[in-house]
Amino acid sequence: MEKIAYVNGSYVPHSEAKVSVFDRGFLFADGIYEVAAVLEGKLIDNASHLARLKRSVGEIQLALPETLERIEEIQKELVKRNDLVNGMVYLEVTRGADKGRDFAFPKAEANVKPTLVMFTSEKDIINAPSAKTGINVITVPDIRWERRDIKSVALLAQVLAKQAAAAAGAGEAWMIEDGKVTEGGSSSSFIVTQDDVIVTRQNGNEILPGCTRKAVVKLAEERQLRIEERAFTVEEALAAKEAFITSASVFVQGVVAIDGNKVGNGKVGPITDRLREIYVEFAKATAV
C-alpha cells in the first residue's frame with residue numbers, strides 16, 4: 001500500500017503529494033523543518049521539537065498555519081495511517097506560494113498561506129548495527145551562514161558535507177570553523193575527556209540547538225556526570241577517551257575514528273553506551 005503524506009490540510013498518497021512551483025521553500029529555501037523519531041508507534045521528545053519549530057519560525061517571521069497541538073495531531077495521524085512502528089516524521093513549513101518569484105515577503109493583500117507538509121519514513125534506530133560498532137567521521141570546513149540556530153531548509157552545505165562523508169565511507173562529517181568543531185552535518189558532536197568529562201559545544205548562533213543533545217545533557221547532569229559546554233578542537237577529540245554524536249535519527253551514536261585516526265581504543269566507549277541506554281529509557285518513558 002502506498003504511504004500517505006500530509007499536504008496543506010489533506011492526507012494524500014505520496015504520488016499525489018505536490019506543492020506549487022512558486023512555493024518559496026522551493027525557490028528560496030524560505031522555510032523551517034523538524035524531524036521527530038518514532039518508537040513503537042509513539043513520538044519521541046516531540047514537545048522539544050515543536051518548541052524548536054516555534055522558535056525557528058519566529059526567528060524568520062513565519063506564521064505557523066496550524067497550532068502546535070494540531071501539528072502533533074497530524075503527526076500522530078500520519079503514524080497511524082502509515083502503520084509506522086519505528087522511524088521518523090518529517091515536517092516542513094514554508095512561507096507559501098506567491099504568484100511569482102520576488103525575494104521580499106509576500107504582501108499582506110496577496111493573502112499567501114504558509115505551506116505545511118509532513119511525511120513518515122521507516123528506520124530501526126534501536127537496532128542499528130552502527131550503534132554497536134560506532135562510526136567514522138571526517139572533518140570538513142564549515143561554510144554555512146551565521147544563523148545555524150535556525151532549523152532552516154537551506155541545507156546545501158550540509159548536503160555537501162554528508163556527501164563527502166559518504167564518498168569517504170564515513171558515517172558523518174564534523175564541520176570545522178576557526179579550528180574548532182561546530183557540529184555534525186546532521187548531528188551534535190561530543191567528546192569524553194581522559195578524566196571522564198563530557199564536552200559539547202555551547203548553544204549559540206554557531207550551532208543548531210539539538211533536541212536530543214539537550215535531553216542527553218540533562219540526563220547526564222541528573223546522574224552527576226560532568227558536563228562542559230564549550231568548543232573543542234579535532235586534536236582534543238583525537239586525544240579523548242570517547243566521542244559520539246546525538247540526533248533524533250541516531251539517538252546516541254559512538255564515533256570510533258576521525259579522519260582515519262582512532263578515538264580511544266577504536267571502539268564505542270562505556271560512557272557513550274550508558275548515555276545511549278539512558279536516552280532510550282527516557283525516550284520510551286516519555287513517548288506520546
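Helices (H or I, at least four residues) and strands (E, at least two) are taken here as DSSP runs, numbered from the N terminus. The model is a predicted one, so local features need pLDDT of at least 70 and side-chain atom pairs count only at pLDDT 80 or more, while totals for chains, interfaces and linings use all residues. Residues are numbered from 1 along each chain as its sequence is written, and side-chain values use heavy atoms, with hydrogens and water left out.

On to the pocket. A pocket is found on a 1 Å grid over the protein atoms alone, as an open set of points with protein on both sides within 12 Å along at least five of seven lines, where a 1.4 Å probe fits; lining residues have an atom within 4 Å of a point. The largest pocket has a volume of about 1000 Å³, volume being the space filled by probe spheres set on the grid points, which are joined across faces, edges and corners. Its lining takes in 44 residues, with Tyr33, Lys151, Ser152, Leu155 and Gln158 nearest the centre. E3, H2, E5, E6, H5 (156-167), E9 (180-184), H6 and E13 (242-247) each give two or more residues to the lining. Helix H5 supplies the largest share, five residues.

Several of those elements also turn up in an open sheet of six strands, ordered E2-E1-E6-E5-E3-E4 with antiparallel pairing; two strands pair if DSSP finds at least two bridges between them. Strands E2 (10-13) and E4 (42-43) sit at the edges, each pairing on one side only. E5 (residues 87-94) and E6 (residues 115-122) run antiparallel over eight bridges, with methionine 88 opposite serine 121 in E6. Helix H2 (residues 46-59) lies across E3 (31-39), E4 and E5, at about 180° to E3; axes are lines fitted to C-alpha atoms, for helices over the stretch in contact, and angles run from 0 to 180 degrees between N-to-C directions.

As for packing, a nonpolar core is a set of buried Ala, Val, Leu, Ile, Met, Phe, Trp, Tyr and Cys residues joined through side-chain atoms within 4.5 Å, where buried means under 20% relative accessible area (1.4 Å probe, protein chains only), exposed over 50%, and partly exposed in between. The largest such core has 24 residues, and Phe251 is among those with the most contacts inside it. Six of the core residues, the largest share, come from H8. Phenylalanine 251 touches, among others, Ala37, Ile125, Thr212 and Tyr279, contact meaning heavy atoms within 4.5 Å.

Key. Lists of a residue's contacts leave out its neighbours within four places in sequence.
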